[in-house]
Amino acid sequence: MSISTPGGPQRRPTVVSTGKKPAAGRPAAGAKAGSGKPANPQRSGGGGKGPRKPITPVKVSQGRPWGPIALFVAVGVLATAIIGYGAWATFKGSQSWQDKAAAIEGIVNYRETDPEAISNQEHRSGKQEYAQSPPVGGPHNNTWQRCLGDVYDSPIASEHALHSLEHGAVWLTYRPDLPAGDVEKLASVIRGNDFMLMSPYEGLDKPVSIQAWGYQLKVDNADDPRIKEFATTLAQNASVEPGATCSAGNYTTGTGTEPRELQPSMGG
């Protein structure tokens, strides 16, 4: 390489190229520092768009698992119902028959409202006068009406029926003009059940009336569920002569509203 002297005092020396490339990593002679582009623009704070942001994964909704949810809810409802019924049954089982009777809507308890009217339990012959119709207490015939689930298709004497009530029977009565289908509904409650009897009754102010000693319930429809509730709750429980029976002794199965002649007492 040769160096020539500049022609004037302000001239820089002229460099004559030898034809060789500059060493790798070094800038060529006369190049300005920083004039080149960086080798990796992503690592440089200079030009370009800068580093890429990480991609956020997209969540794909698969919906709620309705099948398991519905099964869980159904099991919960069933469990609640079972527990609730058990608690209710325990409560009902712990109630006295008097409490159960008092819970029957529309029932009249003459033992509380008119105890004097039902206090007399004398045995008398002939027709008697009663404060209630049908009667629920008072003097009565010495012979009782058989009450082994008997369904009488004709009226019976109140004096005999009332003696059955004294023993603990319930007496279901109905208007004689009640349709046959309704009569059969009533009969299905009474038929075959001890301490129960049934007969038509003239002059009822309601289509159906059911009574035990000191209790009475009158309803408008033969399919009223309170009829059966009354019968099953008070039968035998409402007895004012505990231990008395409907199945043996001095009873009658006759019909007609005139009481039979007073019969000798045979245990009740």
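The stops below take in a surface patch, a disulfide and some salt bridges. Keep in mind that this is a predicted model.

**Stop 1: the surface patch**

Start by selecting W66, I69, F72, V73 and V77, and show their side chains. Together they make a nonpolar patch on the surface, with about 570 Å² of accessible area. Now click on F72, which sits in helix α1, residues 66-94. Is F72 buried or exposed? F72 has a relative accessible area of 67%, so it counts as exposed; the cut-off for that word is over 50%.

**Stop 2: the disulfide**

How many disulfides does a search of the whole structure find? The search turns up 1. To see it, select C147 and C246, whose sulfur atoms are 1.7 Å apart. Next, look at where the two cysteines come from: C147 is in the loop between β2 (144-145) and β3 (148-151), while C246 is in the loop between α6 (225-234) and β8 (251-252), so this pair ties together parts that lie 99 residues apart in sequence.

Zoom in on the S-S bond itself. The torsion about it is about -85°, so the disulfide is left-handed.

**Stop 3: salt bridges**

A search of the whole structure finds 9 salt bridges; let's visit a few.

- Select E159 and K127. Their side chains meet in a salt bridge, 3.9 Å from N to O. The pair links distant parts of the chain: E159 is in helix α4 (residues 158-167) and K127 is in the loop between α3 (110-113) and β2, 32 residues apart. E159 counts as buried, at 1% relative accessibility, whereas K127 is partly exposed at 47%.

- Select K206 and D220. Here the side chains meet in a salt bridge at 3.2 Å, N to O. K206 is in the loop between β5 (196-200) and β6 (208-212), and D220 is in the loop between β7 (215-219) and α6, so the bridge ties together parts 14 residues apart in sequence. K206 is partly exposed at 31% relative accessibility, and D220 is partly exposed as well, at 46%.

- Select R226 and D224. In this salt bridge, the closest N and O atoms are 2.7 Å apart. D224 is buried, with a relative accessible area of 15%.

Key:
Residues numbered from 1 in each chain as written. Predicted model: local features only at pLDDT ≥ 70, side-chain atom pairs only at ≥ 80, totals over all residues. Heavy atoms only, no water. Patch = residues over 30% accessible without salt bridge, like charges linked within 9 Å, V, L, I, M, F, W, Y side chains within 5 Å. Areas by Shrake-Rupley, 256 points an atom, 1.4 Å probe, with all protein chains shown as cover. Salt bridge = Lys/Arg side-chain N within 4 Å of Asp/Glu carboxyl O. Helix = DSSP H or I, 4+ residues; strand = E, 2+ residues; numbered from the N terminus. Buried < 20%, exposed > 50% of the residue type's maximum accessible area, 1.4 Å probe, protein only. Disulfide = S-S within 2.5 Å.
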